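Please look through the sequence and the 3D model shown here before reading on.

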Amino acid sequence: EMDFSAFDTTKIEAYEEQARKNWGTTEAYHEYEQKSRGRSRNEEKDLGEQLMTVIAGFGPLKDQDPAADEVQKRVEMLRGFITDHYYRCTVPVLKQLGMMYTTDEFRRNIDAAGGAGTAEFAAEAIEEYCRENKE
């Protein structure tokens, strides 16, 4: 059983405000607003935990090459989850997310959920995916 206390849900409002500030005028953000409209805080929290489960799943794969089929399937799973629940996760958007995962706050949360080095490995796997899948 995984412990998601490392993914500090008390910061969700701050993340939302930052996202609104950075991307509030984009099509992806408007799609996110539509998909999230009517969701309760608990539903949002559950989705966040499900997302962290997908990302933490990179942890057990760290001994593999980021280009390995199983690793790339995990990237596809992540991309699909984001598209299904938040917004269309294009290759450029996915690439940006991968880069964000290596910033301090994201790295701490991801590594706490998937083990040390998970954030960096996920970013490498996403980079490989984006290199191979152009839109």
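## Basis of the model

This is a predicted model, in which local features need pLDDT of at least 70 and side-chain atom pairs count only at pLDDT 80 or more, while totals for chains, interfaces and linings use all residues. Residues are numbered from 1 along each chain as its sequence is written, and side-chain values use heavy atoms, with hydrogens and water left out.

## Overall fold

The protein has seven helices and zero strands, where helices (H or I, at least four residues) and strands (E, at least two) are DSSP runs numbered from the N terminus. Read from the N terminus on, the elements run α-α-α-α-α-α-α.

Of the 135 residues in the protein, 39% are buried; buried means under 20% relative accessible area, exposed over 50%, and partly exposed in between, with a 1.4 Å probe and protein chains only. Among the contacts (heavy atoms within 4.5 Å) with a separation of 6 or more, 65% come from residues 24 or more positions apart.

## Helix H7 and its partners

Two packed helices are described by the angle between their axes and the distance between the axes. Helix H4 (residues 69–85) packs against helix H7 (residues 118–132) at an angle of about 90°, with the axes 9 Å apart; axes are lines fitted to C-alpha atoms, for helices over the stretch in contact, and angles run from 0 to 180 degrees between N-to-C directions. H4 and H7 are therefore roughly perpendicular to each other, given that angles under 35 degrees count as roughly parallel, over 145 as roughly antiparallel, 65 to 115 as roughly perpendicular and the rest as oblique. On the H4 side the contact involves Val71, Gln72, Val75, Glu76, Leu78 and Arg79, which meet Phe121, Ala125, Ile126, Glu128 and Tyr129 in H7. By class, the contact of H4 with H7 has seven nonpolar, one polar and three charged residues, where Ala, Val, Leu, Ile, Met, Phe, Trp, Tyr, Cys and Pro count as nonpolar, Asp, Glu, Lys and Arg as charged, and the others, Gly among them, as polar.

Helix H6 (residues 104–114) also meets H7, their axes coming within 7 Å and crossing at roughly 100°, so H6 and H7 are roughly perpendicular to each other. Arg107, Ile110, Asp111 and Gly114 of H6 make this contact with Thr118, Ala119 and Glu120 of H7, and these residues divide into two nonpolar, two polar and three charged. Within H6, Asn109, Ile110, Asp111, Ala113 and Gly114 are buried, and the helix is followed by Gly115, whose phi is positive, near 105°.

## Aromatic rings

A search of the whole structure finds two aromatic pairs; rings of Phe, Tyr and Trp (its six-membered ring) pair if their centres lie within 6.5 Å, and planes under 30 degrees apart count as stacked, over 60 as edge-to-face and the rest as tilted. Phe81 and Tyr86 form a tilted pair, 6.3 Å centre to centre with 55° between the planes. The rings of Tyr101 and Phe106 have their centres 6.3 Å apart and their planes at 40°, so this pair is tilted.

Phe81 is buried, with a relative accessible area of 11%, and Tyr86 is buried at 10%. Tyr101 counts as buried at 5% relative accessibility, whereas Phe106 is partly exposed at 27%. Arg39 lies over the face of Tyr86, at 5.8 Å from the ring centre; a charge sits over a ring if NZ of Lys or CZ of Arg is within 6 Å of the ring centre and within 35 degrees of the ring normal.

## Met99 in helix H5

Met99 lies in helix H5 (residues 91–100) and, at 42% relative accessibility, counts as partly exposed. The C-alpha atoms of Met99 and Ala122 are separated by 9.5 Å, with the two residues 23 apart along the chain.
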